[in-house]
Amino acid sequence: MPGLYFEEFTPGQVFRHPLTRSITESDNVLFSVMTLNPQPLHIDFDFAAKSEWGKPLVNSLFTLGLMIGISVHDTTLGTTIANLGMTETVFPHPLFHGDTIHVETEVKSVRPSKSKPDRGIVEFEHRAYNQNNVLVARCVRQAMMKKKGA
C-alpha cells in the first residue's frame, strides 16, 4: 500500500496532492439526493438563482469528503486504522459547479497511542482550494495510524 506509517509522519510536513477534481452538477445533485438533503441551495436552480450567490452551491459535505479523499493516496491508503474525529471544519468560500479543487495536507502533530503500542495518532490539516487558489474548505482530522511492522 502506498500509505505512510505512523513513523513516517513529522509535524510541519506538507503534502501537495497531485490529484485534482472538477465538480459537476451531477456530483452535487447526486450527493445531495443520496444523503437525503433537500436544501434548495444545492438542487433547485431557480431558488439558487434568487440567492445571493445566483447559482447552486456545492454541498459542503461533498466538498469535505472530496478534500479528504484526494489526500488518501499520498498519506493514509491502507495504513489508517480509524478516523477519530474532525474539528475546525470551515468552508470560507463557496464551491460551484465547474470549479476545480486541489488539496494540500499538513501534519500538525503525531503521538504514539497510550494504550496500544502498534499504532499512533496523527493530526492532519486538510486544505482545499479552487482553481483561483481561493480556500474553499479546511478541517483538522485526527487519524489512528498503523506503526511499521504492526
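**Charged side chains and their setting**

Guide: Lys50 and Asp46 form a salt bridge, with their closest N and O atoms 3.0 Å apart; the term requires a side-chain nitrogen of Lys or Arg within 4 Å of a carboxyl oxygen of Asp or Glu. The model is predicted, so to speak of local features a pLDDT of at least 70 is needed, side-chain atom pairs count only at pLDDT 80 or more, and totals for chains, interfaces and linings use all residues. Residues are numbered from 1 along each chain as its sequence is written, and side-chain values use heavy atoms, leaving out hydrogens and water.

Lys50 counts as exposed, at 67% relative accessibility. Here buried means under 20% relative accessible area, exposed over 50%, and partly exposed in between, with a 1.4 Å probe and protein chains only. Across the whole structure, a search finds 11 salt bridges. Another of them joins the side chains of Lys148 and Glu8, at 4.0 Å from N to O. Lys148 is in the segment after E5 and Glu8 in the segment before E1, so this pair ties together parts 140 residues apart in sequence. Glu8 is partly exposed, with a relative accessible area of 30%. There is also a network of salt bridges that links Arg16, Glu88, Glu104, Glu106, Lys108, Glu125, Arg127 and Arg138.

The strands come next. Helices (H or I, at least four residues) and strands (E, at least two) are DSSP runs, numbered from the N terminus. Five strands form an open antiparallel sheet in the order E1-E3-E4-E5-E2, where two strands pair if DSSP finds at least two bridges between them. E1 (14-22) and E2 (80-90) are the edge strands, each pairing on one side only. E2 is joined to E5 by seven bridges, and Thr80 stands opposite Met145 in E5. E4 is joined to E5 by 11 bridges, with Val122 opposite Ala143 in E5. These two strands, E4 and E5, form a hairpin with five residues between them, and Asn133 in the turn has a positive phi of about 60°.

Strand E4 (119-129) holds Arg119. Arg119 is buried, with a relative accessible area of 15%, and forms a salt bridge with Asp118, the closest N and O atoms being 2.9 Å apart. Asp118 counts as partly exposed, at 31%. Neighbours within four places in sequence aside, Arg119 is in contact (heavy atoms within 4.5 Å) with Ile81, Pro112, Ser113, Met144, Met145 and Lys147.

Arg141 is found in strand E5. Of the 12 residues of E5, 10 are buried, so the strand is largely enclosed by the rest of the structure. Arg141 is buried yet has no salt bridge, and the nearest side chain of opposite charge, Glu123, is 10 Å away; Lys and Arg count as positive and Asp and Glu as negative, while His and the chain ends are not counted. The side chain of Arg141 does make a polar contact with the side chain of His126, at 3.0 Å. A polar contact is a pair of N or O atoms within 3.5 Å; within protein, one must be able to donate a hydrogen and the other to accept it, and residues adjacent in sequence count only if both atoms are side-chain atoms. Not counting residues up to four places away in sequence, Arg141 touches residues including Ile68, Ser71, Asn83, Val122, Glu123 and His126.

Definitions and conventions. Axes fitted to C-alpha atoms, helices over the stretch in contact; angles between N-to-C directions.
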